[in-house]
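Try each task before you read its solution.

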Amino acid sequence: MLRLDITRLDNAHLAFGRGIHYCPGAPPARLEGQIAIGAALRRLSGLALAVPPARIPWRPAACAAR
């Protein structure tokens, strides 16, 4: 059984891989994530951050360096 553990330590994995090892399912998985997150945000209109936005550290995406 899979579960989301938001308290896990950062493991710096590559998620969909890179180069020749890039996952062919990455584009549909990203689209599916966008649709699911969008639907959840529409249904949970009262959703808010538990801390002020300034307290959330910014970590640029790995793909931003390309």
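Buried means under 20% relative accessible area, exposed over 50%, and partly exposed in between (1.4 Å probe, protein chains only). This is a predicted model, where local features need pLDDT of at least 70, side-chain atom pairs count only at pLDDT 80 or more, and totals for chains use all residues. Residues are numbered from 1 along each chain, and side-chain values use heavy atoms, without hydrogens and water.

**Exercise 1.** Find which residues of α1 are buried.

Solution. Start with the chain: it has 1 helix and 0 strands. Helices are DSSP runs of H or I, at least four residues; strands are runs of E, at least two. Go to α1, residues 26–43. There, A26, G38 and A39 are buried. Across the chain, buried residues make up 5% of the 66 residues.

**Exercise 2.** Compare the reach of α1 with its expected span.

Solution. Count the residues: α1 has 18. The expected span is 1.5 Å times one less than that number. This gives 26 Å. From first C-alpha to last, α1 reaches 26 Å, close to expectation.

**Exercise 3.** Decide whether I37 is buried or exposed.

Solution. Locate I37: it lies in helix α1. Its relative accessible area is 54%, so I37 is exposed.
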